[in-house]
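Welcome! Please take a moment with the sequence and the model below, and then we will walk through them together.

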Amino acid sequence: MQDLRVVWWKEIKALLSPRALVVELILLTVLAGAVLPVLLISKIPSRPIALLVIAAVYPFISLFVLLFSTFSWISKVFIAEKVQRTLEMLLTTPLDLRTIWIGKTLAIFSGAYARMLVALTLFTVGTHIVSLIQGHTLGLLFPPLLVVLRSLVIFPLFVLGFIGFSGLAIFMAADVGSANMLITIVLILAFTFLLPKTLQAQASGLWVAGESVIAVVWVGGCIAGTKLLKNERVVLGKS
């Protein structure tokens, strides 16, 4: 566990520098806390319509922030090891390849998840402030429980699986070019699979339960895939 925390913290520090955090917070405040609420809420006269809009936008914000963060950081965390050839040095330490993979995967996911929570919080607060400024009596706008579950649990689990499978594929890729191609393929698959789900704002409880099972199986399959990781295969660059 200590080794896992070491890998996780090393990657978190590399991804979330203080300067980058300040810039990201400003951008998220402007976009999620001001621009989106003004565009979506300012002209809505009634609370029922506003709640429908919120229910449709919440999953989209969740998925967009998660995927944008994930695929910008995968290159820094996984592909950088291929370019700089630092993975071989890590393997000379007591760290095993599975611990390195888990630490890097969780670092990307936890950073992306934190960014998503900030964006959704700013959007929720921003819609309320815009409503007050416009003189509406819409109250605090919060999506239904199933929408929250999909946005905060189910979609993140799917993205966690995509991160993990990307890391596995990159570690086993023969070269940097192959690794970059794999990232592109995973990005296309992620958007193709998950984007249509954001449009199902009125998904039933049964549908959400099915999504939950698939998400858990997806992550479980990713973890089972770590059995393919072998130090010799990665060092020699064999696929």
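Which residue forms a salt bridge with Arg150? The partner is Glu211, and the closest N and O atoms of the two are 2.9 Å apart. A salt bridge here is a side-chain nitrogen of Lys or Arg within 4 Å of a carboxyl oxygen of Asp or Glu. This pair links distant parts of the chain, with Arg150 in helix α6 and Glu211 in helix α8, 61 residues apart.

## Before you start

This is a predicted model, in which local features need pLDDT of at least 70, side-chain atom pairs count only at pLDDT 80 or more, and totals for chains, interfaces and linings use all residues. Residues are numbered from 1 along each chain as its sequence is written, and side-chain values use heavy atoms, with hydrogens and water left out.

## The overall picture

The protein chain has nine helices and zero strands. Helices (H or I, at least four residues) and strands (E, at least two) are DSSP runs, numbered from the N terminus. Of the 239 residues in the protein chain, 44% are buried. Buried means under 20% relative accessible area, exposed means over 50%, and partly exposed lies in between (1.4 Å probe, protein chains only).

Contact means heavy atoms within 4.5 Å. Among contacts in the protein chain between residues at least 6 apart in sequence, 87% join residues at least 24 apart. The accessible surface of the protein chain is about 12200 Å², and 75% of that belongs to carbon and sulfur atoms. Accessible areas come from the Shrake-Rupley method with a 1.4 Å probe; for residues, only the protein chains shown count as cover.

## The nonpolar core

A nonpolar core is a set of buried Ala, Val, Leu, Ile, Met, Phe, Trp, Tyr and Cys residues joined through side-chain atoms within 4.5 Å. The largest one has 56 residues, and those with the most contacts inside it are Phe78 and Ile108. Helices α1 (2-15), α2, α3 (47-84), α5, α6 (145-172), α7 (176-198) and α8 (205-224) each give two or more residues to this core. Its largest share, 16 residues, comes from α3.

Which residues does Ile108 touch, not counting those up to four places away in sequence? They are Leu15, Thr70, Trp73, Ile74, Val77, Phe78 and Ile163.

## Salt bridges

By the rule given above, the count comes to three salt bridges. Besides the Arg150 and Glu211 pair, whose residues are both buried, there is a network in which shared partners join Lys10, Glu11 and Lys104.

Is Lys10 buried, partly exposed or exposed? Lys10 is partly exposed, with a relative accessible area of 43%. Glu11, at 5% relative accessibility, counts as buried, and so does Lys104 at 1%. Leaving out residues up to four places away in sequence, Glu11 touches Val77, Glu81, Lys104 and Ala107.

## Two more places to look

Thr127 sits in helix α5 (residues 97-133) and is buried, with a relative accessible area of 0%. Its side chain reaches the backbone oxygen of Thr124 at 2.7 Å. Apart from neighbours within four places in sequence, Thr127 is in contact with Pro37, Ile41, Ile54 and Leu141.

Glu24 is in helix α2. The C-alpha atoms of Glu24 and Arg115 are separated by 8.6 Å, though the two residues are 91 residues apart along the chain. Not counting residues up to four places away in sequence, Glu24 touches Trp73 and Arg115.

## A patch on the surface

Which residues form a nonpolar patch on the surface? They are Val22, Val23, Ile26, Leu27, Val30, Leu31, Val35 and Leu39, with about 730 Å² of accessible area together. Patches are made of residues with over 30% relative accessible area and no salt bridge: like charges are joined within 9 Å, and nonpolar side chains (Val, Leu, Ile, Met, Phe, Trp, Tyr) within 5 Å.

Technical notes
Polar contact = N/O pair within 3.5 Å; in protein donor to acceptor, adjacent residues only side chain to side chain.
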